[in-house]
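Keep the sequence and the structure in view as you read.

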Amino acid sequence: MERVNFTQMKDGTKEEYEFLTNHEIEYTKGTAERLLTALEKLDEGLSGYQITRLGHSTQSATRAWRDGADIDWVVSALLHDIGDIFAPYNHDEYAATILKPFVREQCRWCVETHGDFQMLYYGHHLEGFDQNKRDRHKGHKYFADCAEFCERWDQASFDPDYDSLPLSFFAPMVHEVFARTPYDPAVTGAADQPLCVAEVAAARALEEAKP
Ligand SMILES: [Fe+2]
Ligand SMILES: [Fe+2]
């Protein structure tokens, strides 16, 4: 079978749906590569900052990695603004939806709400914006994590002089995360992890400093 015969879903046969399911499974194997390509497209978007959105993404991920954060954090930091391409009004939710089946809940929540938290840094400069929008999440168990996510990795990552690692450095991590079994409770329900692991960060800095 190369393609199905039906023109309305209700007429499809068991064999046709099994064929389509196999096709979809094959297609999902390309998710990581498609995301990396989408990240490259962020290089073209949103002018006005001193760095591109791709530069901001790799800088956020580099800061996360140098903080000793684990792979779920690093990939979440890398992808946190990928929604800028198609969802400029809810880019945070868009990115969180992509990540949801493949990272733990802690990271998904922080990506999903980072837009509200980021307003702390600029909301007071603009008419109609609420600098304290993050307060609506007060009491949530990940409030402090998202505040730290924004402070350490997001709002800090617009520096054209920062030595960010290239997208290619993070590509294997993106592949690893998106090769996971989707919605695996062992992944989505995994134990929370700190953002900044001081000892690991120090060791990595030493490693990088070697000639
Ligand atoms: Fe953002
Ligand atoms: Fe950002």
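## Two crossing helices

How close do the axes of α3 and α7 come, and at what angle do they cross? The axes come within 9 Å and cross at roughly 110°. Axes here are lines fitted to C-alpha atoms, for helices over the stretch in contact, and angles run from 0 to 180 degrees between N-to-C directions. α3 and α7 are therefore roughly perpendicular to each other. The cut-offs are under 35 degrees for roughly parallel, over 145 for roughly antiparallel, 65 to 115 for roughly perpendicular, and oblique for the rest.

On the α3 side, Ser-60, Arg-63 and Ala-64 make the contact. On the α7 side, Arg-152, Trp-153 and Asp-154 meet them. Two residues are in contact if their C-beta atoms, placed from the backbone, lie within 7 Å. The residues of this contact of α3 with α7 divide into 2 nonpolar, 1 polar and 3 charged. Ala, Val, Leu, Ile, Met, Phe, Trp, Tyr, Cys and Pro count as nonpolar, Asp, Glu, Lys and Arg as charged, and the others, Gly among them, as polar.

## The model and its overall build

This is a predicted model, in which local features need pLDDT of at least 70, side-chain atom pairs count only at pLDDT 80 or more, and totals for chains, interfaces and linings use all residues. Residues are numbered from 1 along each chain as its sequence is written, while chains are lettered from A and ligands numbered from 1 in the order in which they are written.

The protein chain has 10 helices and 0 strands. Helices (H or I, at least four residues) and strands (E, at least two) are DSSP runs, numbered from the N terminus. The C-alpha atoms fill a box of roughly 55 × 50 × 35 Å along the principal axes. Of the 211 residues, 32% count as buried. Buried takes 20 or more other C-beta atoms within 10 Å of a residue's own, exposed 12 or fewer, and partly exposed lies in between, with C-beta atoms placed from the backbone. Among contacts between residues at least 6 apart in sequence, 63% join residues at least 24 apart.

## The nonpolar core

Which residues touch the most other members of the largest nonpolar core? They are Ala-64, Val-74, Leu-78, Leu-99 and Val-174, out of 36 residues in this core. The elements α2, α3, α4, α5 (91-99), α6 (105-118), α7 (143-154) and α8 each supply at least two of its residues. The largest share, 6 residues, comes from α4. A nonpolar core is a set of buried Ala, Val, Leu, Ile, Met, Phe, Trp, Tyr and Cys residues joined through C-beta atoms within 7 Å. In soluble globular proteins, nonpolar side chains tend to be buried together.

Val-74 lies in helix α4 (residues 71-79). Val-74 counts as buried because it has 26 C-beta neighbours inside 10 Å. Beyond its neighbours within four places in sequence, Val-74 is in contact with Ala-61, Ala-64, Trp-65, Ala-69, Phe-170 and Met-173. Take Ala-64: it sits 10 residues from Val-74 in sequence and 5.5 Å away in space, C-alpha to C-alpha.

α4 packs with α8 at an angle of about 110°, with axes 10 Å apart. These two helices are therefore roughly perpendicular to each other. From α4 come Ile-71, Val-74, Val-75 and Leu-78. From α8 come Phe-170, Met-173, Val-174, Glu-176 and Val-177. The residues of this contact divide into 8 nonpolar, no polar and 1 charged.

Helix α2 (residues 31-41) has Ala-32, Leu-35 and Leu-39 buried. Seen down the axis of α2, its buried residues fall within an arc of 60°, so they line one face. The arc is that of the directions from the helix axis to the C-beta atoms. An α-helix has 3.6 residues a turn, so residues three or four places apart point the same way. The face turned away from the buried side carries the exposed residues Arg-34, Thr-37 and Glu-40.

The buried residues of α2 pack against α3 (53-66), α4 and α8 (167-178). Leu-35 is buried, with 21 other C-beta atoms within 10 Å. Leaving aside neighbours within four places in sequence, Leu-35 is in contact with Leu-79, Ile-82 and Val-174. Leu-35 and Ala-171 are 136 residues apart in sequence, yet 9.6 Å apart in space, C-alpha to C-alpha.

## A loop residue

Tyr-183 is in the loop between α8 and α9 (185-188). Its phi is near 60°, a positive value in a residue other than glycine. Tyr-183 counts as exposed because it has 11 C-beta neighbours inside 10 Å.
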